[in-house]
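Thank you for making time today. I would like to walk you through one structure, and I ask you to keep it in view while I talk.

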Amino acid sequence: MKVFTFFILISLTGIIGHAQEFSRQDTLRGSITPEREWWDLSYYNLDIVVDIEKHAINGSNTIRYKVLKPNKLIQIDLQPPMEVFKITQDGVELNYKQEGNAYFVELEKDQAVGNYNEIIVHYGGIPRIAPRPPWDSGLVWKKDELGKDFISSISWGAGSSQWWPCKDHMYDEPDSIKFSINVPKNLVAVANGKLMGKDEKDNSTHTFHWKVSNPINNYGITFNIGNYVNFSEIYNGENGPLTCEYYVLEQNLDKAKVQFKQVPLMLEAFEYWFGPYPFYEDGYKLIEAPYLGMEHQGAITYGNKYQNGYLGSDRTNTGWGKKFDYLIIHESGHEWFANNITFKDIADIWIHESFTTYSEGLFVEYYYGKEAGNDYQIGKRGGISNDKPMIGNYQVNDINYTGDNYPKGSTILHMLRQIVNDDNKWRQVLRGLGDQFYHQTVTTEQIENYIAKETQLDLNSFWNQYLRTTQLPQLEYNFSNGQLSYRWSNAIDNFKMPLKVTFNGKERWINPTSEWQQMDVGSDELILKIDPNFYVTSTYSNSKQ
């Protein structure tokens, strides 16, 4: 991060009182520690046995990594009550020290720069049960309506290390994973990627082997167990045939075959707006889950009860939210923004949620027209609270982020499109993000700089205002002696943003700043209206200019 940007962040944080205390564990989880930075994660081979009766998981994770610089202390994360039983490298058992959720492992082998090495972590225990999935994560152990076991893992927020040992930070993704899951024979285990095979361990269990061929973030890794049946189709997309697989409870098969017809519609719209689906090699899956849903990479979990809207409701109150299944559209949008483009630090969670929430309105626009899409985007504003800035605290696991990352983030992206004022250019910006940051972890600064470069606009004050403060800019204006006087108030110093308005129905652009400006309009009897696609307020001012 550039020094100039850093001082802006510190200044704005001080203005709005964004100070917050964090623990040593928050730092160990949320920072790139010396015990993490020296090695680059390459591959996971996660092999587990799920004991449904005991609600337990036992197994191992082989972690392959590339040495970036010499070191002999490596950090692996696993949260109690899960336990590490032993850790080995090349058959040699290693010593380690535990500090809360972090294990610091003492390597004996020389770690030569450029070499690829492996450690194997053997572990087990009873993982945390998710108290409020998907908003609070862990394991979900339920029964379906037929009394059969129905189980899912969710890693968002509290971390993947709740149930498996890993490098639990978003900045570093494995290039690929293999995931083997042993379950009772009457159940099916579904995970990310492609099913590579199934074999029998004994008369009562079998093991499913899944492989992911693309980089994947930790929280995007999941397993799901149930009385699943499978159906599939091929979508002919921008990069060729894409395999779409659907795993649903047997009793819901007929409903799923109807509701999941929205998947090809989603793929068509999002490939138009964002570019090719990012994981053709691994395919796309929709998996019924015992909770609302989550954006697991190539394995979207679904619990919207086979109905349109958000559990049947339209949270925009526009009517357009009932035209599609919120979970299918929203969580699938995360394939582009969260799974393809992933934040480096959770402080930048807005990148995931803002672009994905914005994608819902683009879906509406693609099928119902631009006016409908605008209505949907504007309708999202009802959920904005302006309780805290959208940018969180860096280098700690700041999971208490604002819910405004969804509706406010979507709103400011929609407003930015108005400022660009060129629909084709805006679409190319969105598609270009997927190309520029393909399978990468990113920072807010990278996103800001890319959009500024592609649009040739000075957006510094725009981002600082809307991402880093809770203030809603207010247009102050008045008419006098045939002139319109106007300025921005309730905004950061030097805030500037063009604004589309109408005078008695005639459309005009004005360019307010924090200083008063005048424009000849020829009358004092005009009525000024702000284009509703802008998220600002206004007041008629009697101040002297």
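Predicted model: local features only at pLDDT ≥ 70, side-chain atom pairs only at ≥ 80, totals over all residues.

The structure holds 4 cavities of 30 Å³ or more, where a cavity is a set of points, on a 1 Å grid over the protein atoms alone, at which a 1.4 Å probe fits but cannot get out. The largest cavity has about 170 Å³ of space, a volume being the space filled by probe spheres set on the points, which are joined across faces, edges and corners. Lining this cavity are 18 residues, and the closest to its centre are Arg 29, Met 170, Phe 343, Ile 346 and Asn 397; a lining residue has an atom within 4 Å of a point.

Residues are numbered from 1 along each chain as its sequence is written, and side-chain values use heavy atoms, with hydrogens and water left out.

Of its 39 lining residues, Pro 134, Trp 135, Trp 156, Tyr 401 and Tyr 406 are the closest to the centre. Two or more residues of the lining come from each of α2 (24-30), β19 (293-294), α6 (326-333) and α7; helices (H or I, at least four residues) and strands (E, at least two) are DSSP runs, numbered from the N terminus.

What order do the strands of the open sheet take? Its 8 strands run β5-β4-β8-β2-β1-β11-β14-β13, with mixed pairing, and two strands pair if DSSP finds at least two bridges between them. Because β5 (92-93) and β13 (194-200) stand at the edges with a single partner strand each, one side of each is left without a neighbour in the sheet. The partner β14 (residues 205-212) runs antiparallel to β13 and is joined to it by 6 bridges, with Leu 195 opposite Trp 210.

Within the sheet, strand β2 (residues 56-67) includes Thr 62, which is buried at a relative accessible area of 11%; buried means under 20% relative accessible area with a 1.4 Å probe, protein chains only. Leaving aside residues up to four places away in sequence, Thr 62 touches Tyr 43, Tyr 44, Asn 45, Glu 118, Ile 119 and Ile 120, contact meaning heavy atoms within 4.5 Å.

Now to the cores, a nonpolar core being a set of buried Ala, Val, Leu, Ile, Met, Phe, Trp, Tyr and Cys residues joined through side-chain atoms within 4.5 Å. The largest has 86 residues, and Met 497 is one of those with the most contacts inside it. Beyond four places in sequence, Met 497 touches Met 415, Ile 419, Phe 462, Tyr 466, Trp 488, Pro 512, Phe 534 and Val 536.

Strands β25 (residues 499-503) and β26 (residues 506-510) run antiparallel, joined by 5 bridges, and Leu 499 stands opposite Ile 510. Their hairpin has 2 residues between the strands, and Asn 504 there takes a positive phi near 50°.

How many disulfides does a search of the whole structure find? The search finds 0, a disulfide being a pair of cysteine sulfur atoms within 2.5 Å.

Note on methods:
Buried < 20%, exposed > 50% of the residue type's maximum accessible area, 1.4 Å probe, protein only. 1 Å grid on protein atoms, 1.4 Å probe; cavity = no way out; pocket = protein on both sides within 12 Å on 5 of 7 lines; lining within 4 Å.
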